[in-house]
Amino acid sequence: MKLRLKPLREQVIVITGAGSGIGAATARMAAQQGAKVVLCGRGEEALTRLADEIAGAGGQAKVIVADAGVPEDHERILQNALAAYGRVDTWVNNAGVSIFGPLEDVPLEDQRKLFETDYWGVVYGSMTAVRHFKVSGGGALINVGSEVSDRAVPLQGAYSAAKHAVKGFTDALRMELQQQGAPVSVTLIKPASIATGFTEHARNYMDVEPQLPPPVYAPEMVAEAILHAAQHPVRDLYVGSASRAISMVGQNMPGLADRMAGWLMRNQRGKGPAVRGSDSLYEGGGSHPASMRPARRRSVYTYAAMNSGKSWLAAAAVLGGAALWMRHAKHRGSLE
């Protein structure tokens with residue numbers, strides 16, 4: 001069936017992990033375009049600060065303190081959103097956290113906790129949203145995956161595994177809903193490295209502070225992709241040509257991708273000594289400042305992917321990105 005999604009100015013959008021990073025950028029952008037936003041997360045102070053900012057700019061925002069890893073919290077999010085605004089049109093499962101370090105050094109209980117947020121949080125939210133959309137007449141379900149949904153990276157093994165699981169779940173759910181003729185658009189967003197508080201929120205088992213491998217993109221790029229999917233049914237969107245290039249190389253040349261592990265490992269190790277006890281794996285933290293590393297504000301590939309008739313431009317961009325990525329890695333010695 002042909003599903004029509006509402007323009008943003010007519011939507012109520014639920015966003016998990018809204019206190020910082022991609023979630024906060026999406027909430028700001030959606031509210032600026034007239035949407036009512038439901039801000040969900042574990043950090044009440046950060047959520048309230050964002051809601052006040054949105055209200056001060058003339059927008060509408062509802063704060064719901066909730067843990068994505070607790071199944072009952074998702075139904076509470078839905079009921080509070082309905083009480084506040086009468087409906088939900090788009091549900092964004094964005095909450096997530098990472099762990100840096102060799103898998104042998106990461107305790108199993110930490111890996112399980114990561115899965116509770118990054119994978120099970122997506123499952124709980126998706127099931128809640130789908131049940132609602134089936135009775136409300138339809139809507140958009142948007143799950144935030146990663147470039148590591150398609151290609152695992154060293155030193156973030158548990159995070160890579162969880163994002164692989166999110167992809168498998170999202171793809172299977174989409175197919176089942178299509179067969180049912182359910183009025184639900186299901187999109188998986190796959191960002192590359194994004195300049196947020198991602199590394200500060202992550203638990204770290206390295207002897208240095210973690211950093212994201214280049215290129216690094218601005219969170220507003222991911223927000224644009226999410227809000228595009230909220231209005232236009234689309235299967236998946238890669239944010240940044242680097243994300244699509246990593247996926248393409250990993251799927252079509254896995255041996256070559258394995259040999260790039262040295263470059264990936266070096267580029268996830270920062271220069272400063274590790275700081276312990278500031279992560280958000282078990283407790284919701286405040287809004288960590290975004291990385292000061294320069295971030296790209298535009299991606300030719302992502303622009304083309306969101307604009308019909310530009311597929312040739314997207315293909316050219318991803319091929320160029322793949323070539324640049326491999327050349328950079330070879331220059332650093334990981335392919336030798």
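Trainee: What makes the span of helix 3 (residues 71-85) agree with its 15 residues?

Mentor: The expected span is 1.5 Å times one less than the number of residues, so the 15 residues of helix 3 should span 21 Å, and the end C-alpha atoms, 22 Å apart, agree with that. Helices here are DSSP runs of H or I with at least four residues, strands are runs of E with at least two, and both are numbered from the N terminus. The model is a predicted one, in which local features need pLDDT of at least 70 and side-chain atom pairs count only at pLDDT 80 or more, while totals for chains, interfaces and linings use all residues. Residues are numbered from 1 along each chain as its sequence is written, and side-chain values use heavy atoms, with hydrogens and water left out.

Trainee: Why are the buried residues of helix 3 said to line one face?

Mentor: Buried means under 20% relative accessible area, exposed over 50% and partly exposed in between, with a 1.4 Å probe and protein chains only. By that rule Asp 73, His 74, Ile 77, Leu 78, Ala 81 and Tyr 85 are the buried residues of helix 3. Seen down the helix axis, they fall within an arc of 145°, so they line one face; the arc is that of the directions from the axis to the C-beta atoms. On the other side, Glu 72 and Ala 83 are exposed.

Trainee: Which elements do these buried residues of helix 3 pack against?

Mentor: They pack against strand 1, strand 2, strand 3 (60-65), strand 4 (90-93) and helix 4 (108-136), where contact means heavy atoms within 4.5 Å.

Trainee: Why do strand 3 and strand 12 count as edges of the sheet?

Mentor: Two strands pair if DSSP finds at least two bridges between them, and 7 strands form an open sheet in the order 3-2-1-4-6-7-12 with parallel pairing. Strand 3 and strand 12 each have a single partner strand, so one side of each is left without a neighbour in the sheet. Strand 7 (residues 184-191) is joined to strand 12 by 4 bridges, and Leu 188 has Asp 236 as its bridge partner in strand 12.

Trainee: What makes a set of residues a nonpolar core, and how many residues has the largest one?

Mentor: The term covers buried Ala, Val, Leu, Ile, Met, Phe, Trp, Tyr and Cys residues joined through side-chain atoms within 4.5 Å. The largest such core has 38 residues, and Ile 13, Leu 39, Ile 189 and Ile 226 have the most contacts inside it. Helix 7 gives the most to this core, with 8 residues.
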